[in-house]
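Please consult the sequence and structure below.

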Amino acid sequence: MMNTTAANILKILSQTEMSIEDMQLYLNVEKNSISKSIFQLNEFLESIKLPIILKKGNFYSLKLNSKELKILFENFTTLTTEEKIDYLFIKFIANGFLNLEKEKDILNISRSTILRCFQVVKDNFSKTGTTYEYNHGKGLVLKKVSNEDKSNFYKKLMKLFIEEDILVPIRRELLNSLKNFHTKKRLTQLYPILKNSDIPVNYFLLSFICSLEVCIDIFGGFDFVDESHLELDKFQIIRKSVDIFGSDFHETYKNQLSHFLTALHLGNGILDENITKKVLKLIELIKKKFHIKIINKDLEKMLFNKIYLSFFKYNNNILKVLNVSFNKSHGILLETLEDILKELSYHLYLVDKYVIIYVIRRIIIDENFSSTKKVLLLFNEVAAADKVVFKKSLKKFYPNITFHIEATFFHKKNVVQKFENYDIIISDSNIISNAEIVEFYDVVSIHGILEKRALENGIKKLIAI
């Protein structure tokens, strides 16, 4: 009998490979429970003639092609407890009524299980102000949906769109019953709209926009319309793109989408106030602990967006993971971030901590890049002929850094005895112990070394505390 743990392991391994220790960070269960579930999953995979979960070193992986993945999720019917609760919540709001006896048979669960799941929905309604009544012979009939539950519906619907590729049959059927469009076709229409509007594209935003269309059909959507937008050139550009690429969108969706994207461009839009407060609080402590100011507004916006999405995923149990590579310097940054999260009692998935670290790394490099003032480049005899042209190109890219170029030959013969103090020495020959070695000289190689030194200088500030 498959359980919630098995269902979540399948979600993870259908996206990436992972160790049991890392799975624990996502699933919050004991190692033996994960091992037992993997054994059960392998029995199930063998029964439907699919490759099983394999272990290599400490990592478990499930290598399936797109056809095999489709077969897998057509045959896997287990829902987590949370998915059962969300299913009842979404279906009740969308249809306006719910017959628990019928849903019990659809979900293939016992009467006691469905009553426990609906009790969670019922308790939520009592807090948010959504009301319903019992109609003999029909079941539960919705009377009023609170604004808070419209927002909750939106978030749960977004989760279905985000996980659409790995939905089990019951959840897939639920999503298909709510939308009157094919998601892939809709994404091909939305992409050029966002691109022409200079709005960054990510799965979070796309799932939000797809969910907006469904919410408009069910309860009229949200109040994105702002008359002041009509006077803006940006609104006209966005509306024109919506009309061109979304010619088959219904008018209400076109209107709300255009106003929403305009608001998003202006820095307003879809943000949850409670999550926003947590993000801002976390960023302030990140600045303090990492000794960064985040002067670059684009990087600050990137950090905000990555942290916001991380909280959204954790709060809504969205197991969207990916492979990341980590080195020693990243580990030091991760330890500092872990300490900050612990201090604030905040929790995030491991992969999202990695994503945040990559942004912080970029900020540290950006703010410590100016710490390099003087660089010595040692050329061999062949490359030295090109040194004048190369030095000019470096000056163009790095006007605030002084580059001195010398031939390696003179160092080998001790013709040049003494040098100034340099922040970095770069050589294409291993003749100086403290030199950074490159195979050949180009701007990309030099830039990589400069970034590496900037990151090292930023990390030194952390270690020095």
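A disulfide is a pair of cysteine sulfur atoms within 2.5 Å. By that rule, the count is zero disulfides. The model is predicted, so local features need pLDDT of at least 70 and side-chain atom pairs pLDDT 80 or more, whereas totals for chains, interfaces and linings use all residues. Residues are numbered from 1 along each chain as its sequence is written, and side-chain values use heavy atoms, leaving out hydrogens and water.

**Cysteines**
- The sulfur of Cys210 lies 11 Å from the closest cysteine sulfur, that of Cys215, which is too far for a bond.
- Cys210 counts as buried at 1% relative accessibility; buried means under 20% relative accessible area (1.4 Å probe, protein chains only).
- Cys117, at 4% relative accessibility, also counts as buried.

**Helices 15 and 17**
- Helix 15 (residues 297-315) packs with helix 17 (residues 350-368) at an angle of about 170°, their axes being 10 Å apart.
- Helix 15 is therefore roughly antiparallel to helix 17 (angles over 145 degrees count as such).
- Residues in contact (heavy atoms within 4.5 Å) include Leu299, Met302 and Leu303 of helix 15 and Val351, Asp352 and Val355 of helix 17.
- The contact residues comprise 10 nonpolar, one polar and five charged.

**Helix 2**
- Ile20, Met23, Tyr26 and Leu27 are buried in helix 2 (residues 20-27).
- These buried residues fall within an arc of 105° seen down the axis of helix 2, so they line one face of the helix.
- The buried residues of helix 2 pack against several elements, including helix 1 (4-13), helix 3 (31-47) and helix 17.
- Asn28, which follows helix 2, has a positive phi near 55°.

Notes:
Axes are lines fitted to C-alpha atoms, for helices over the stretch in contact, and angles run from 0 to 180 degrees between N-to-C directions. Helices (H or I, at least four residues) and strands (E, at least two) are DSSP runs, numbered from the N terminus. Angles under 35 degrees count as roughly parallel, over 145 as roughly antiparallel, 65 to 115 as roughly perpendicular and the rest as oblique. Ala, Val, Leu, Ile, Met, Phe, Trp, Tyr, Cys and Pro count as nonpolar, Asp, Glu, Lys and Arg as charged, and the others, Gly among them, as polar. Buried means under 20% relative accessible area, exposed over 50%, partly exposed in between (1.4 Å probe, protein chains only). The arc is that of the directions from the helix axis to the C-beta atoms.
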